[in-house]
Amino acid sequence: MTNFKEKSDLIWSVADLLRGDYRQSDYGKVILPLTILRRLDCVLAPTKQKVLAFLPKVEKSSDKIKDATLNKVAGANFHNRSQFDFSKIIADASNIAANLRHYINGYSSSAREIIEYFNFNDQIERMDDPKADILYEVVKKFSEIDLSDMTSMDMGYVFEDLIRRFAEQSNETAGEHFTPREVIKLMVNLLINDDDQSLTQDGIVKTLYDPACGTGGMLSIGEQHFNQLTRDNTKLEVFGQEINPESYAICKSDMLIKGQNPSNVKFGNSFTVDGLKDEKFDYMISNPPFGVDWKKAQKIIKAEHDDQGYAGRFGAGLPRINDGSLLFLQHMLAKMKTPTFKTDKSSGSRIAIVFNGSPLFTGQAGNGESNIRQWIIENDWLEAIVALPDQLFYNTGISTYIWIINNHKSAERKGHIQLINASGQKDENLITEGERADNRFWSKMPRSLGNKRKQIIEDDATKGIDLICKMYGDYLQSSPTELPENEFVKILPNEFFGYWRITVEQPEKDEQGDFVLSSKLETQYDNDGAPVVDEKGQAVRKRVKGYKPDTSLRDYENIPFLRENEHGKLVPQTIDEYFQREVLPNLPSAWIDESKTKIGYEINFTKYFYEFKPLRSLADIKADILALEKSSFELEQKVLD
């Protein structure tokens with residue numbers, strides 16, 4: 001890989017020319033579009049003269065024919081038919097603004113549209129104004145930066161590093177972060193892990209979609225890594241949508257350069273204006289912003305939830321307004337292909353999405369996130385969750401998780417969820433030097449990039465990406481009685497994550513300490529559980545006597561669907577069984593208000609991998625203290641002497 005940091009630093013140095021005329025938060029309005037223009041300029045340089053020589057032959061043709069023909073001559077999805085390139089633009093300093101505009105207008109329509117999303121003409125005018133007069137120096141600086149030797153991966157890193165710096169200058173939220181390349185590789189590996197056989201067939205065409213594609217890093221590296229793992233004649237078409245105009249423009253420019261169809265990427269909010277509404281995809285991959293609210297889209301999202309239910313995208317439930325992560329997942333679930341053949345594992349769709357810990361467990365039973373988890377798990381779509389190391393992302397150091405969703409699980413995986421703890425040891429106080437040196441999942445970055453201080457190990461068959469994928473894939477080689485569990489892997493039935501939330505009441509007492517009686521109306525039921533109705537069809541109700549609940553003593557219990565028996569096996573349990581065993585011995589007069597019982601689902605990932613490590617004995621601690629005291633005394637005596 002080219003030293004992208006060196007290139008990024010060169011580009012960022014242009015900011016020195018903008019200082020005083022631009023606020024720091026506005027540097028990106030100049031630097032990002034000029035980086036794209038310079039990148040396009042370098043890519044087209046080898047064929048520029050061929051295009052100019054061929055231009056007279058199509059001069060009188062329509063723009064559509066002209067674009068198609070000259071693109072072919074340029075050997076790319078775009079071309080520039082102006083007489084200018086960066087070197088010729090700065091050769092005429094007196095007409096720098098006019099020549100730069102002429103150069104931009106010389107691009108084919110697909111490339112011009114990209115620059116238009118930056119409103120760059122406004123910046124040309126602003127820099128050319130005599131009060132600033134910095135346009136020539138800025139363009140000259142860019143003309144000296146050679147981007148011809150940069151791969152798409154290199155440029156992705158450059159753009160992400162630049163945008164990270166801009167975000168820091170404008171104090172944007174830590175949720176607006178970018179995805180490390182090794183994380184994307186891991187996600188792609190997990191996505192196609194079960195489809196290896198089908199991807200070796202001739203002429204296979206697959207689709208990959210990202211509803212929050214940003215600068216296109218996931219699509220770009222996803223495609224690149226997909227092609228490395230499959231046959232040459234296997235084709236991957238990529239699709240995406242992005243709400244930020246600058247990021248959208250960068251993504252489209254990358255697709256142009258690589259020969260993908262830039263019209264597959266749509267601009268706008270995936271929730272409010274779905275640019276790919278009628279499309280379904282084989283694979284979906286995303287790293288949506290963490291902890292970002294959806295207030296601006298609330299009216300449209302809530303209307304779709306209320307009016308369309310499960311026929312729309314958000315029928316399962318709406319998460320809290322301050323975190324739209326699970327809205328992205330529901331949106332992606334709506335774009336899954338319907339499985340065709342029971343024996344064809346490659347039919348249907350697979351999703352890999354990065355979340356923070358919140359979607360695992362937030363939301364009470366019967367509400368928001370819990371209902372969404374219930375819908376996903378009860379439909380048997382959640383295949384696996386992989387816990388990643390912390391300090392992995394550029395703008396946040398929090399712990400993250402990859403969810404793998406599959407609406408056509410293999411027979412081996414049906415009814416179960418695989419949990420892989422690839423976070424490495426977290427509690428520094430409990431790590432020995434040997435454990436730290438032999439971490440099997442991550443290594444320290446040679447040099448930090450923002451908050452990114454760790455990287456998942458690549459190209460090592462015994463560690464990192466290869467190890468995670470092996471543990472994930474070992475499931476398929478296992479037998480139903482010998483699941484491949486170990487210290488890093490747990491495989492649990494879907495029901496393990498479900499529970500009933502019950503309301504436990506206790507009777508109110510009067511001044512004499514006696515229970516207070518009350519009566520209430522309850523609907524009558526027949527022996528088959530159906531309500532008894534009168535001649536008007538109304539449910540018959542009767543007055544039932546009982547104790548009046550003391551609200552100050554009201555309590556709640558979460559009762560798991562499954563429990564461990566005396567042999568350590570998971571077995572089903574009922575609410576009554578749990579209540580008799582766990583509650584009544586301590587509260588003999590308590591009862592359950594069954595009208596308030598709700599079902600919830602949560603995934604308490606850390607709890608499942610918790611290992612108790614006994615505290616040191618008092619004798620050991622005392623010995624250490626005495627040794628320290630002795631050492632201190634000896635040192636003191638040495639100083640005094």
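## The buried side of helix 7

In this predicted model, helix 7 spans residues 96-105, and its residues Ile-96, Ala-97, Asn-99, Leu-100, Tyr-103 and Ile-104 are buried, a term that stands for under 20% relative accessible area with a 1.4 Å probe and protein chains only. These residues lie on the same side of helix 7, because they cover an arc of only 165° around the axis, the arc being that of the directions from the helix axis to the C-beta atoms. An α-helix has 3.6 residues a turn, so residues three or four places apart point the same way.

The partners of this buried set are helix 3 (28-44), helix 6 (86-91), helix 8 (109-116), helix 9 (120-128) and helix 10 (135-143), where contact means heavy atoms within 4.5 Å. Helices here are DSSP runs (H or I, at least four residues), numbered from the N terminus.

## Basis of the model

Residues are numbered from 1 along each chain as its sequence is written, and side-chain values use heavy atoms, with hydrogens and water left out. Because the model is predicted, local features need pLDDT of at least 70 and side-chain atom pairs count only at pLDDT 80 or more, whereas totals for chains, interfaces and linings use all residues.

## Cysteines

A search of the whole structure finds zero disulfides, a disulfide being a pair of cysteine sulfur atoms within 2.5 Å. For Cys-251, the nearest cysteine sulfur belongs to Cys-213 and is 4.0 Å away. Cys-251 counts as buried at 1% relative accessibility, and Cys-469 counts as buried at 11%.

The structure holds six cavities of 30 Å³ or more; a cavity is a set of points on a 1 Å grid over the protein atoms alone where a 1.4 Å probe fits but cannot get out, and its lining residues have an atom within 4 Å of a point. Of its 16 lining residues, Met-155, Phe-159, Ile-250, Ser-253 and Asp-254 lie nearest its centre. Helix 3, helix 11 (152-169), helix 13 (217-229) and helix 14 (245-258) each supply at least two residues of this lining, which has six nonpolar, seven polar and three charged residues.

Terms used. Buried means under 20% relative accessible area, exposed over 50%, partly exposed in between (1.4 Å probe, protein chains only). On a 1 Å grid over the protein atoms alone, a cavity is a set of points where a 1.4 Å probe fits but cannot get out, and a pocket is an open set with protein on both sides within 12 Å along at least five of seven lines; lining residues have an atom within 4 Å of a point. Grid points are joined across faces, edges and corners, and a volume is the space filled by probe spheres set on the points. Ala, Val, Leu, Ile, Met, Phe, Trp, Tyr, Cys and Pro count as nonpolar, Asp, Glu, Lys and Arg as charged, and the others, Gly among them, as polar.
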